[in-house]
Amino acid sequence: TQGVSSAASDVYKRQLSEAGDIRVTGEAGGYAELRDVLRHAPCDVLLLDLNMPGRSGLEVLGVLQETDPGIKTIIVSMFTEDQYAIRCLRAGAYGYVNKAGSPDEILLATRMVATGRKFVSPELAQLLVESLNNPQPEAPHTALSERELQTLIKLSLIHI
């Protein structure tokens, strides 16, 4: 398995590098750097931080779906699953890993996604099951465009 880490934490990078069956082929700190890394070091699995500098991870995911559809992307985020995971999976991500979760989770997710399967954390699985049992009206933020949602999140982070 090959992986490219894009603005992912050092803990993830170290764990992936130490795994015998995973080879980290590059690392990028922003979108322009990521494009350059992908041109020179192709990968099977891409770890993509949702809060990538310069462009949102969801925007980058959309571009990658068009330009590099063979890359399986795992979104890595500080946001909890209920905020972004389903949106990311709908946008084409193969998995969603919360940075607050266990560092071992990234190994499991990378290995699973490398085989072509989707990765769903236990927390996200629970949310999905609960939504099936208790259908809720759509949350107001689901009607927002990606840009509007990014702006709302940035505004909310300013007040924390």
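Reader: At roughly what angle do the axes of helix α4 and helix α6 cross?
Author: In this predicted model, local features need pLDDT of at least 70 and side-chain atom pairs pLDDT 80 or more, while totals for chains, interfaces and linings use all residues. Residues are numbered from 1 along each chain as its sequence is written, and side-chain values use heavy atoms, without hydrogens and water. Helix α4 covers residues 81-90 and helix α6 residues 122-133; helices are DSSP runs (H or I, at least four residues) numbered from the N terminus. Their axes come within 10 Å and cross at roughly 85°.

Reader: Which residues of α6 make the contact with α4?
Author: Contact means heavy atoms within 4.5 Å. From α4 come Glu-81, Asp-82, Ala-85, Ile-86 and Leu-89. Their partners in α6 are Glu-123, Leu-124, Leu-127 and Leu-128.

Reader: Is Tyr-96 buried or exposed?
Author: Buried means under 20% relative accessible area, exposed over 50%, partly exposed in between (1.4 Å probe, protein chains only). Tyr-96 has 1% relative accessibility, so this residue counts as buried.

Reader: Which backbone oxygen does the side chain of Tyr-96 reach?
Author: Tyr-96 touches Ser-77 and Phe-79, among others. The side chain of Tyr-96 reaches, at 2.8 Å, the backbone oxygen of Phe-79.

Conventions: Polar contact = N/O pair within 3.5 Å; in protein donor to acceptor, adjacent residues only side chain to side chain. Axes fitted to C-alpha atoms, helices over the stretch in contact; angles between N-to-C directions. Helix = DSSP H or I, 4+ residues; strand = E, 2+ residues; numbered from the N terminus. Lists of a residue's contacts leave out its neighbours within four places in sequence.
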